[in-house]
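Take a look at it before reading on.

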Amino acid sequence: MLKQITGTILARIITTVIGLLVTMIAGHRLGTTGLGTIGLIVLGITLIRIGTDLIGGSALVYLVPRVRLPRLLVPGYAWAVVTAFFGYVVVHFFGLVPQGYAVHVALLALMQGIYSIHLNVLIGQQRIRIYNQIGVVQSILLVAVFALLCQSDQATAMAYVAASYVAFGSAAVLSTLALQRSQPLHDGGGTDVLRLLLRQGA
């Protein structure tokens with residue numbers, strides 16, 4: 001338990017420091033305009049993720065030991081796609097991000113949603129160490145690729161978008177590989193999974 005707590009604190013410190021590095025790099029290489037655009041991109045992703053977490057969020061942590069994994073993943077994935085689509089419509093219609101970025105915001109939110117679903121499953125399986133490791137890898141990839149792309153004098157906020165694709169995509173793949181079909185505590189065959197996901201998520 002102590003190792004898990006220490007590892008989690010260390011992982012949080014690393015990801016926080018890396019987040020500050022991303023902000024510093026953006027401010028230095030892209031200026032206030034680029035930094036503002038990145039802020040709007042992050043805001044758009046966050047708004048969509050609020051909807052995604054209704055079914056694919058922490059409710060999974062509670063249900064993973066009780067329901068077979070495929071019955072949780074299928075509605076989680078489907079809901080992530082639905083919220084990404086409607087999120088794109090809202091972000092694009094209300095102009096919440098600069099023109100040309102709405103599609104990227106929706107796709108990144110979808111990738112991050114899938115990644116989040118997997119991480120919640122790992123927490124439900126009490127695999128905290130691999131959960132922390134994937135989070136750190138994702139953060140390191142984000143800042144490394146972003147710093148590399150910002151070396152160009154013509155760099156724009158698209159450098160952050162490209163780095164996010166690499167980081168979130170890699171995290172989604174790694175978390176997919178980490179998933180294990182552990183046996184639930186009971187079959188849960190008669191459980192109304194969607195109702196429980198909605199209730200717990202809300």
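Predicted model: local features only at pLDDT ≥ 70, side-chain atom pairs only at ≥ 80, totals over all residues.

Residues are numbered from 1 along each chain as its sequence is written, and side-chain values use heavy atoms, with hydrogens and water left out.

**Arg-49**

Arg-49 sits in helix H1, residues 2–56. Helices here are DSSP runs of H or I with at least four residues, numbered from the N terminus. Is Arg-49 buried or exposed? Its relative accessibility is 13%, so Arg-49 counts as buried. Buried means under 20% relative accessible area and exposed over 50%, with partly exposed in between (1.4 Å probe, protein chains only). Beyond its neighbours within four places in sequence, Arg-49 is in contact with Ala-109, Gln-112, Gly-113 and Ser-116. Contact means heavy atoms within 4.5 Å.

**Gln-126**

Gln-126 lies in the loop between helix H4 (102–124) and helix H5 (128–149). Its relative accessibility of 63% is why Gln-126 counts as exposed. The phi of Gln-126 is positive, near 60°, and Gln-126 is not a glycine. Most residues other than glycine have a negative phi.

**Helix packing**

Two packed helices are described by the angle between their axes and the distance between the axes. Axes are lines fitted to C-alpha atoms, for helices over the stretch in contact, and angles run from 0 to 180 degrees between N-to-C directions.

| Pair | Angle | Axis distance |
|---|---|---|
| H4 and H5 | about 155° | 8 Å |
| H5 and H6 | roughly 155° | within 8 Å |

H4 is therefore roughly antiparallel to H5. H5 and H6 are roughly antiparallel to each other too. That term applies to angles over 145 degrees. Where H4 meets H5, the H4 residues are Tyr-115, Leu-119, Leu-122 and Ile-123, and those in H5 include Ile-128, Tyr-131 and Gln-138.

**Helix H6**

Helix H6 (residues 158–178) has 21 residues. Its buried residues include Tyr-160, Phe-168 and Ala-178.

Technical notes: Helix = DSSP H or I, 4+ residues; strand = E, 2+ residues; numbered from the N terminus. Expected span 1.5 Å × (residues − 1). Parallel < 35°, antiparallel > 145°, perpendicular 65-115°, else oblique.
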